[in-house]
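Here is a structure to read through, one question at a time. Have the sequence and the model at hand.

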Amino acid sequence: MRILLMTAGSHGDVAPYTGLGARLRGEGHHVALAAPEAFRELVAGSGLEFRPLPADPRGTSAPAGSRGGRSELLTRAAEFIDRLGDGLADAAAPGADVLLLSVTTAPLGWHLAEAMDLPCLGVYLQPTLPTREFPPVVGGGRSLGSWGNRAAGALGQQVVDRLHTAAARRLRSRLGLPAVSQGARRRAVERAGWPVLHGFSRALVPRPEDWREGLRVVGNWWPYVAADYRLPAEVEDFLRAGPPPVFIGFGSMAEGQGARLGALAVEALRQAGLRGVLQAGWAGTVGEGSDVLSIGEVSHARLFPHLAAVVHHAGAGTAAAALRAGVPSVPVPVMADQPFWADRLARIGAATAPLRFADLTAARLAEAVRQAVEDRSLRTRARAAARAMAEEDGAARVAEAVAALGGGR
């Protein structure tokens, strides 16, 4: 079958789908991945057809000095969505037999599936459907109790509907579909029991008991890594030169704050008496010192098992990669769903208490890193979660669901 995967956002919103796409390609399907232009090389390097989307992922990250407030996040999300609708239609124009939609593309992708009369499947990296068991993952709020959590989740869906209203109206007009509100389209999808497979581990977030049928938690799908991939020589040399270092990286967050974060990280490592690997990410983080190595993009799957601890922004992908490696985390959430994943890591005992990015200091980071390295219970629990994750094969479950969809055509 011709499978079209559609996702938009930052690196963590795209990279896992390269591995999923590669698995589906291995099943004999032709797989195209529609993603922002910034990820053309990433997608092509995994052997998938690339179809560009116009939305710039950097437009949704927190600017330098920002606390990523909810109103600011909603404004930037609306701007992102406004550019996305036409891009999704253009990406689908060459045709497909099946659509696979991420959290970020599903609200508009439903209209494409309707217009093209195609089966589609949700492949989500976050648990966004309302549940009594936890509040909405975006916003980082504390539990409101079973009734409050579910009510807040329903309200969150209405907010998402409003954010997509204008883009959906234009998209339906372009596709020749009758006018239908975004809320009505979502409710129709839900009534039909639209299947959604969630690409995270049950070790981190068990399937909520009050979810409807068709909503499954199947385990992570991991970023594609070539079989012959090796870490850069300078990284391998650094790893061999001393005890396991601490990784510090903030992914797609804190753009433009590299100099400040680099100095803070180096000082925290000095205070903790530990070696460190600093990954630039969008912050451009750099640091200097005989016990510090600054690196660019590398495979977390290959690097993380060699580390003493991982300091990260608690994006879904990085949080899962640290857990998969059986390494303790020091989560420093910035915005969106990151506080949720930071809390989940801490709840299962695989991470220190989250540090708010806005309150980060060298002393606080040093204390947390020291705890992550010295508290053996954190590594024990991280390794237990890693063993559970190894029993899951999220990509295989998606492949089975895709085969079932194709059988009905």
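This is a predicted model: local features need pLDDT of at least 70, side-chain atom pairs count only at pLDDT 80 or more; totals for chains, interfaces and linings use all residues.

Me: How many helices and strands does the chain have?
Reply: Helices (H or I, at least four residues) and strands (E, at least two) are DSSP runs, numbered from the N terminus. By that count, the chain has twelve strands and 14 helices.

Me: What percentage of the residues in the chain is buried?
Reply: Buried means under 20% relative accessible area, exposed over 50%, and partly exposed in between, with a 1.4 Å probe and protein chains only. The chain has 409 residues, and the buried share is 53%.

Me: How are H4 and H5 placed relative to each other: roughly parallel or roughly perpendicular?
Reply: Axes are lines fitted to C-alpha atoms, for helices over the stretch in contact, and angles run from 0 to 180 degrees between N-to-C directions. Helix H4 (residues 106–116) packs against helix H5 (residues 145–175) at about 25°, with axes 9 Å apart. Angles under 35 degrees count as roughly parallel, over 145 as roughly antiparallel, 65 to 115 as roughly perpendicular and the rest as oblique. H4 and H5 are therefore roughly parallel.

Me: Which classes of residue make up the contact of H4 with H5?
Reply: Contact means heavy atoms within 4.5 Å. The H4 side includes Leu-108 and Leu-112, and the H5 side includes Val-160 and Leu-171. Ala, Val, Leu, Ile, Met, Phe, Trp, Tyr, Cys and Pro count as nonpolar, Asp, Glu, Lys and Arg as charged, and the others, Gly among them, as polar. The contact of H4 with H5 has two charged, two polar and nine nonpolar residues.

Me: How is H5 placed relative to H6: roughly parallel or roughly perpendicular?
Reply: H5 and helix H6 (residues 182–191) pack at about 105°, with their axes 7 Å apart. That makes the pair roughly perpendicular.

Me: Which residues of H6 make the contact with H5?
Reply: The contact of H5 with H6 divides into one nonpolar, five polar and four charged residues. H5 brings Gln-157, Asp-161, His-164, Thr-165, Ala-168 and Arg-172, and H6 brings Gln-182, Gly-183, Arg-185 and Arg-186.

Me: Is His-198 buried or exposed?
Reply: His-198 lies in strand S6 (residues 196–198). Not counting residues up to four places away in sequence, His-198 touches residues including Tyr-124, Trp-211 and Trp-221. Its relative accessible area is 0%, so His-198 is buried.

Me: What covers the buried residues of H11?
Reply: In H11, the buried residues are Gln-338, Phe-340, Trp-341, Ala-342, Arg-344 and Leu-345. Their cover includes strand S11 (309–312), helix H10 (316–324) and strand S12 (329–331).

Me: How far apart in space are Arg-356 and Val-334, C-alpha to C-alpha?
Reply: Arg-356 is in the loop between helix H11 (338–347) and helix H12 (362–374). With 48% relative accessibility, Arg-356 counts as partly exposed. Arg-356 and Val-334 are 22 residues apart in sequence, and their C-alpha separation is 7.0 Å.

Me: Which residues is Arg-302 in contact with, leaving aside neighbours within four places in sequence?
Reply: Arg-302 sits in helix H9 (residues 300–303). Arg-302 has a relative accessible area of 31%, so it is partly exposed. Its contacts are Val-225, Ala-226, Ala-227, Tyr-229 and Leu-231.

Notes: Residues are numbered from 1 along each chain as its sequence is written. Side-chain values use heavy atoms; hydrogens and water are left out.
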